[in-house]
Amino acid sequence: MNTKTLLYIVKRILLAIFTVWVVITVTFFVMHAVPGGPFVGEKATTPAVQAAMEAKYGLDKPLLEQYGTYLKDIVTKFDFGPSLKQRGRMVVDIIMDGMKTSLKLGLIAAVIAALIGIVLGAVAALRRNKFIDRVIMVITTAFVSMPSFIIGSLLLLCFSLLLHWFPANGAASGGLVLPIITLALYPMAYITRLTRSSMLDVLGQDYIRTARAKGVSGTKVIFGHALKNSLIPVLTYFGPMLAYIVTGSLVVEQIFAVPGIGRQFVSSITNRDYPMIMGTTIILAALIVVMNLVTDILYKVVDPRITLE
Amino acid sequence: MQKKKFTFHVDLDSFIPASDAEKEYLVQMRPSSTFFKDGVKRLYKNKVAFVSFIIIVLITLSSIILPMIWPYSYEDQLGVRPGKPVDSSYNNLKPFEYGKTEEAMIEAGESVFPHVFGTDASGRDYFIRVIYGTRISLAVGFFASIIVLLIGTVIGSISGYFGGKVDLIIMRIVDIIYSLPDMLMVILLSTVLKMTLAPAIEGTPLASIGSNIISLFIVFALLYWVSMSRLIRGQILSLREQEYVLSARATGAKGSWIIRKHLIPNCISVVIISAALQIPSAIFTESYLSFLGLGVNAPMPSLGSLASQALNGLASYPYRLVIPAIMISLIVLSLNLFGDGLRDAFDPKLNG
């Protein structure tokens, strides 16, 4: 790694930190722009009780002071304050609880999507314009045109309500199978198409012809030369895929009643649990920003030919 | 006159006026094809894109015309008649079933328009709700991409034209918005706007559109213009340096002429194509937000909210999920395929 690469990495890290700060700031001020405090809608509270509760949660202080405290707590203690609706619990604890399930869900979905997508894409490219290629392309085109909640609801309908193969409740044993499939289908289809086009591109390169001409066996050409190089563009999809899985999990966890962070987030929106909304947005956003950062750096490290801006 | 080789004597034969036979060659046999005609021809030949286009036109037309001629409306609860107790026999009708009073009318020999897809839990005709939901989804997609197109074009061309510091500042802002996780920001902004906008627009004409749709547009206007403006800026930067622009400038063309005759025609296809591809993504976002309860306001239906409401009675009424699901997939699929076809037809540079 030369100094130019290092400089690029440092620049990207600074931009990522700045982005996370923007997210925190936007989230904080946007949430505090909502008219009426979080306790206004509560039943059976007198103004005195409301004032006491606002004082307890520090909502009576000037906005900028609240912002300063909020930012300081996040940076120094990784503390997002207490949840307003689940009394006595900290936002971080709730998120970490949900994160266990969600991470499992997301990671398995990502791995499945990548593995199957790459294999299908390579097969389609090697059998270009043959029957199997057509079938793969038609199916993947259909999958990228379906929103995740539609895929999820249809899977729920087919496999748990009609066929009774899997439980409809994500918390039951085997209940994560359908949510994982739901989350994996779209990225899988996307990776298939990406791998196919990039593989076709690589197969037309001179070095593949040279390798063939000097008598390298077919499998070795494909696995040693073609596949490795054609995976580089696929790598760039890594970050967006994670973003998709994170946002997709919001609805998928809702459909299958998976006790994860997505479901917490959605219910915190309907409950107007402000600290939960803010905390979840910030943590998920930071996760996506970090993954994008890793993708960008990895991309550069894997393929030194790529010139930096 | 004998022509001397290797001299500079002018060959006078070359300057004899052309005969009629020779003139024939120069006559244009058929009018030259314009860029637009060429593209349309290519698009017409692309069967997939053509079929997609017809599907889009059919769906759009029926979503506009059918609500006008259909005897039921999307918000009428058929069991609710003024001055009478609520007739719950109209709720949750299966396709082609009738409510009690309607059955009486049929027995009396009157004809009653069938409920093709039955009714929903509140006794509203489901067919017209799906059609109306399609209209809402299409309209949201269309207007959202127009907003993105306008803002992106203006900011992108400002950035491209002025260059220098203006460009630098705009591009840094674009970088930051670009690296924000868009869906999370959309959810956050919609949540907040839903709460702040609803009281603010009450009583104004805007209220009929609904605070949620307006907040969706605002969110699109705030976040989604970045990729469009990047695209336009890149186009303008590269077009500015083209030889034909230089030659036009050298022959004394004014700036406005260059913009009108060279820059815009060369940009426009790229812009329209990416705007066309923006529509399905806007429809996606709208349905996603509707599913989370942040989409259109009830009783207005959209395909996403119909699908999410269908989840409640999924075991008994699976078709209520399947119908909007098919509709939304069909729309997004045809728009995507048509957009791809447009790109192939009108952006020959991308073909290679």
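Tutor: Two residues count as in contact if their C-beta atoms, placed from the backbone, lie within 7 Å. Keep in mind that this is a predicted model, where local features need pLDDT of at least 70, side-chain atom pairs count only at pLDDT 80 or more, and totals for chains, interfaces and linings use all residues. Residues are numbered from 1 along each chain as its sequence is written, and chains are lettered from A in the order in which they are written.

Student: Okay, which helices do the buried residues of α3(B) pack against?

Tutor: Helices here are DSSP runs (H or I, at least four residues), numbered from the N terminus. Buried means 20 or more other C-beta atoms within 10 Å of a residue's own. A49(B), S52(B) and S63(B) in α3(B) are buried, and the packing partners of the buried residues in α3(B) are α2 (35-45), α5 (126-162) and α13 of chain B.

Student: Where does α3(B) have a kink?

Tutor: A bend is the angle between axes fitted to the seven residues ending at a position and the seven starting there. In α3(B) there's a kink of about 30° at S63(B), shortly before the proline P67(B).

Student: And how many residues of chain B are in contact with chain A?

Tutor: 31 residues of chain B are in contact with 37 residues of chain A. On chain B's side, α7(B) gives the most, with 8 residues.

Student: What does L292(B) touch?

Tutor: Leaving out residues up to four places away in sequence, L292(B) touches L250(A), V251(A), V266(A) and I187(B).

Conventions
Helices (H or I, at least four residues) and strands (E, at least two) are DSSP runs, numbered from the N terminus. A residue is buried if 20 or more other C-beta atoms lie within 10 Å of its own, exposed if 12 or fewer, and partly exposed in between; C-beta atoms are placed from the backbone.
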